[in-house]
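Below is a walk through one structure, meant to be read with the sequence and the coordinates at hand.

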Amino acid sequence: MAEHGMDQETFGQFIEQLERYVRERLIPAEEDIIANDRIPEDILDEMRDMGLFGLTMPEEYGGAAMNTAQYVETIRVLSYALPAYRSIISINIGMVCSALKNGGTEAQKQEWLPRLAAGEIACFGLTEPGSGSDSAAMQTTARMDGNEWVLNGTKRYITNSPHAKLGLIMARTSKENQPKNAHVSAFLVPMDTDGVSVGKPDKKMGQSGSHIADVMLDDVRLPADALLGGEEGQGFRFAMQSLDNGRLSIAAASCGYGKRILDTALRYSTERQAFGEPISQFQLIQAMLADSRAELYAGECMLRDAAARVDAKEKSIIEAASAKMFCSEMCNRIADRCVQVHGGAGYLAEYEAERFYRDSRIYTIYEGTTQILQLVIAKNMLRDFAAGAQR
Amino acid sequence: MKILVPVKRVIDYNVKPRVKADGSGVDLANVKMSMNPFDEIAVEEAIRLKEAGKAEEIVAVSIGPAKAQETLRTALAMGADRAILVETDEEVEPLAVAKILKAIAAEEEPGLIMLGKQAIDDDANQTGQMLAALMERPQGTFANTVEVDGDSVTVKREVDGGLQTVKLTMPAIVTTDLRLNEPRYASLPNIMKAKKKPLDSKTPADYGVDTAKRLTTTNVSEPPVRQAGEKVADVDALVAKIKALGIA
């Protein structure tokens, strides 16, 4: 059955409020966030009150039960502002909530979903110093000791971990690698559990106000029911399902930020004078603006189409991967042109073009690099071809 | 105490209005509309009074096309308890609006009627004052602060010379100025809850009010385009220029 999500009229009303909130509150607060590398607590509280942490969670757990199309539209609108705003909500929604919804027991949902919807921050621990999408190399272990799980290992590049109350941590529950990644299980780890520590946030190229850090697990003892879904060997499947959702979120972020960047380039081109007229009058500048506009439109179309397919429960791996790959690359091209339109000023930190360029760069990397996505797309093409499927 | 908050659906304050080619008014086709910002301040103030335990119920009312329902839903999402839509596709002048509001007030018996000092579309700044006159009740216009105490309300008014404080016996009419408060954003959970709040539909005829226009708009035109300035080389040239223009 298709996902209907929220009532469309109510959703429209929310988007209208969100657009205003972005314009009147979130954008004016950007400078402060960049200067202090953190989102002020009062803004976080407002974002919680606005209901931004519960977008896709079921209504009975305090969420708004948005479908994918509505979720990505919300992310697109939110991403007109600094990427840190999306980052702080997206792990809750895209990763941890989605894994809980897909794989959690009723008791686990009851315990965590309302807290996550209300804005307790969660982090998602898959990547390690020596492994990412390649689960065979995973080092973190979970073993049963009496009636408790004991976790040991280190997770790397864990977004929001310095602020998290809950970690969804992947660990191997079997020494031998097993088919379909059945050696990996997922655990719900309260971040204040003894033995859990979070490293110093890493310094990054861009994305100010959003933090990633190592999470160290040293003989972390958890009750038996901390195992997601109560069943071993399902962790990687849940993780990968969450990553599929995450891809569309990055595509949406790329479209939203791309629009912001293009709007900035367009405005600058009408204000900056050269040879006695605004540079927007020069055709080579116009070409950069026009290419950006057309590509942004293409990206938005892909995003909407892919989201609609997900909601219709169609097979959409190729479409979601394509949308993420195209939109993130598109956003980077627009950011590059925005710098170019600004000329020398584009290289100065005084102008926004410079940070747009740095902020965008991550979009072609996380939640699957462009190259991993190429492999995903090609693999599925070849598989479909071999199966004789007509697409 | 009950608070009645009239809200108007107007052209969004971020939209640059365009005048129709025939000069008959502003072109509203496919233009984003939203709640009059001054009315939004009135809604916010009513909610704050309710949150402070000074009021029990907030009733939002709008007079306008069916689409004004959206504006009422926004008021409900912000925190109003129920809404009344008086539906009409005609343009309703401030006097007719005041007459309808008077009739609604007779039914609802609010302690306070709080509304924006003016709507940003026609800038009439009349409805609150006309309503007070028709109801023969006190008015506190251009409110900068509002304090309810027992059966009276103290309003600090923004007047040219500063702030003037007036104390009104309720029921009273208060019109809100820009600096009274900063309206909240309607949150997603509250927008969802607002869907279930009651919204009554009425027509001007239900209140026995004739909304026929008393005024005729003869022409609407865009503000004149500002002329470009001129750069002068030095102070002497500036002085000469000022003298030549005769503006010294």
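**The interface and the sheet**

In this predicted model, K32(B) and E16(A) meet through their side chains in a salt bridge, at 3.8 Å from N to O. A salt bridge here is a side-chain nitrogen of Lys or Arg within 4 Å of a carboxyl oxygen of Asp or Glu. The count between chain A and chain B is three salt bridges, and over all chains the count comes to 45. The side chains of D7(A) and K195(B) also form one, at 3.7 Å from N to O. D7(A) lies in the segment before helix 1 of chain A and K195(B) in the loop between helix 5 (188-194) and strand 11 of chain B, so this pair joins two chains. Helices (H or I, at least four residues) and strands (E, at least two) are DSSP runs, numbered from the N terminus.

As for the sources, residues are numbered from 1 along each chain as its sequence is written, and chains are lettered from A and ligands numbered from 1 in the order in which they are written. Local features need pLDDT of at least 70, side-chain atom pairs count only at pLDDT 80 or more, and totals for chains, interfaces and linings use all residues, while side-chain values use heavy atoms, with hydrogens and water left out.

Where contact means heavy atoms within 4.5 Å, 21 residues of chain A are in contact with 16 residues of chain B. The area buried between the two chains is about 1,800 Å², of which carbon and sulfur atoms give 53%; buried area is the accessible area (1.4 Å probe) that two parts lose on being put together, summed over both. In chain A, the residues that lose the most area to chain B are Q13(A), Q17(A) and R20(A), together 32% of what that side buries.

The sheet in chain B is open and has nine strands in the order 9-8-7-10-6-1-4-5-11, with mixed pairing. Two strands pair if DSSP finds at least two bridges between them. At the edges are strand 9 (162-169) and strand 11 (199-202) of chain B, each pairing on one side only. Neighbouring strands of this sheet are turned by 30 degrees against each other on average, direction ignored. Axes are lines fitted to C-alpha atoms, for helices over the stretch in contact, and angles run from 0 to 180 degrees between N-to-C directions.

Strand 1 (residues 2-6) and strand 4 (residues 57-64) of chain B run parallel and are joined by five bridges. In this pairing K2(B) stands opposite E57(B) of strand 4. Helix 3 (residues 94-108) of chain B lies across strand 1, strand 4, strand 5 and strand 6 (112-116) of chain B, at about 150 degrees to strand 4. Helix 2 (residues 68-78) of chain B lies across strand 4, strand 5 (82-87) and strand 11 of chain B, at about 165 degrees to strand 5.

Two backbone details remain. M170(B) and P171(B) are joined by a cis peptide bond, with omega about 0 degrees, and P171(B) is found in the loop between strand 9 and strand 10 (172-176) of chain B. In chain A, A65(A) has a phi near 55 degrees, a positive value in a residue other than glycine. A65(A) is found in the loop between helix 3 and helix 4 (68-78) of chain A.
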